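Good morning, colleagues. Please have the structure open as I speak.

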Amino acid sequence: MKRISLIVPMYKVEAYLDRCLRSCLSQDIPEEDYEILAVDDQSPDSSAAIAASIAASHPCIRVLRQGHAGLSAARNLGLRNACGRYVWFIDSDDRIEENCLGKILETAEKQDLDILRISAADVRGGKSVRRFAIQGTGVVAGRTLVDEGRMQLCAPFSIFRKDFLTAEALEFMEGIYHEDAEFSPRAYYLAERVGSIDECLYFVRQNEGSITRSYNPKRSLDYLNRVIPSLSDFSCKVGKEYRKGFDNLISSNFSNALKNSLTFKPEDLKELDATAYRQRRYLRHLRRSAILKYRIEGLVLSLFPRHMCAAYKAMKRFVRS
């Protein structure tokens with residue numbers, strides 16, 4: 001068994017993949033102790049060829065292939081094929097800190113962690129800006145972090161013990177955007193031992209033209225149709241004392257779905273309003289939220305269930321004024 005598997009999905013990343021893989025190779029543990037699973041999501045560019053070329057001189061790299069099925073499916077394929085005790089999901093246009101695996105594994109193994117949290121930085125114009133600081137470095141139950149709103153939603157900011165993910169049947173929901181928003185709360189709630197390293201070990205390449213910033217109504221629909229129902233169902237199974245944490249998370253997702261609508265075309269607004277109306281039962285999470293902003297949104301949206309986009313837009317104008 002390897003000590004850790006780095007899972008790197010690839011799709012249209014030929015401009016960044018070499019840098020990502022080189023950062024994974026520039027580490028302070030022997031290559032025989034870890035593996036890099038480069039998962040080709042049927043990328044139409046030269047990403048797979050780049051990975052294969054680097055793998056020719058680095059046996060620790062394995063190139064896996066699947067039909068074009070998206071990021072979640074690529075991560076799941078990598079997870080199922082991983083031989084490491086721990087797994088780290090790394091986006092192929094980002095990079096990791098050089099010589100960080102020794103520290104990560106020393107901490108995770110010594111503390112017998114289910115999840116290890118790390119900090120991250122945004123990279124824009126060659127400059128790195130820290131995203132957040134991690135409060136507290138002791139071992140805690142993940143459900144506490146969910147309840148307090150201190151968990152890492154972005155999957156690459158956590159390293160997971162593979163046996164924990166397998167035992168809890170934790171995989172990414174396929175065919176959606178915001179897969180991390182659906183996966184991470186479940187994983188953290190179920191994790192008994194979560195530790196932290198408050199250092200920037202992951203670097204996110206910021207690109208204003210990226211898919212997370214481009215116009216795509218499916219992003220809002222996936223929140224409403226897939227992410228929120230899944231988390232709501234899961235929240236019914238958690239201890240009552242931890243349901244407020246899920247109310248807050250689901251409220252954030254509902255609010256984000258409507259926030260995206262501020263730039264929607266009229267025909268897309270109509271579909272989103274119809275979808276939000278069908279999913280109006282989940283407004284109960286906003287009305288129960290511990291966060292005043294979401295409670296107000298929940299009450300207002302409940303008054304205009306067929307026109308939530310317009311109601312949300314009016315609320316934002318009122319706040320700005």
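Helix H1 (residues 17-25) and helix H2 (residues 47-55) have axes that come within 10 Å and cross at roughly 30°. Before I continue, please note that this is a predicted model, in which local features need pLDDT of at least 70 and side-chain atom pairs count only at pLDDT 80 or more, while totals for chains, interfaces and linings use all residues. Residues are numbered from 1 along each chain as its sequence is written, and side-chain values use heavy atoms, with hydrogens and water left out.

Helices (H or I, at least four residues) and strands (E, at least two) are DSSP runs numbered from the N terminus. Axes are lines fitted to C-alpha atoms, for helices over the stretch in contact, with angles from 0 to 180 degrees between N-to-C directions.

How are H1 and H2 oriented to each other? They are roughly parallel; that term covers angles under 35 degrees, with over 145 roughly antiparallel, 65 to 115 roughly perpendicular and the rest oblique. From H1, Leu17, Asp18, Leu21, Arg22 and Leu25 meet Ser47, Ile50, Ala51 and Ile54 of H2, where contact means heavy atoms within 4.5 Å. The residues of this H1 contact with H2 comprise 6 nonpolar, 1 polar and 2 charged. Here Ala, Val, Leu, Ile, Met, Phe, Trp, Tyr, Cys and Pro count as nonpolar, Asp, Glu, Lys and Arg as charged, and the others, Gly among them, as polar.

The second pair is helix H9 (residues 243-259) with helix H12 (residues 292-303), whose axes come within 10 Å and cross at roughly 60°. H9 and H12 are therefore oblique to each other. On the H9 side the contact involves Asn248, Ser251, Ser252, Phe254, Ser255 and Leu258, and on the H12 side Lys293, Tyr294, Glu297 and Leu301. By class, the residues of the contact of H9 with H12 divide into 4 nonpolar, 4 polar and 2 charged.

I turn now to single residues. Not counting residues up to four places away in sequence, Ser158 touches Trp88, Ile115, Leu116, Gln152 and Tyr188.

Finally, Tyr223 lies in helix H8 (residues 218-235) and, at 8% relative accessibility, counts as buried. Its C-alpha atom is separated by 7.9 Å from that of Tyr177, 46 residues apart along the chain.

Key:
Buried < 20%, exposed > 50% of the residue type's maximum accessible area, 1.4 Å probe, protein only.
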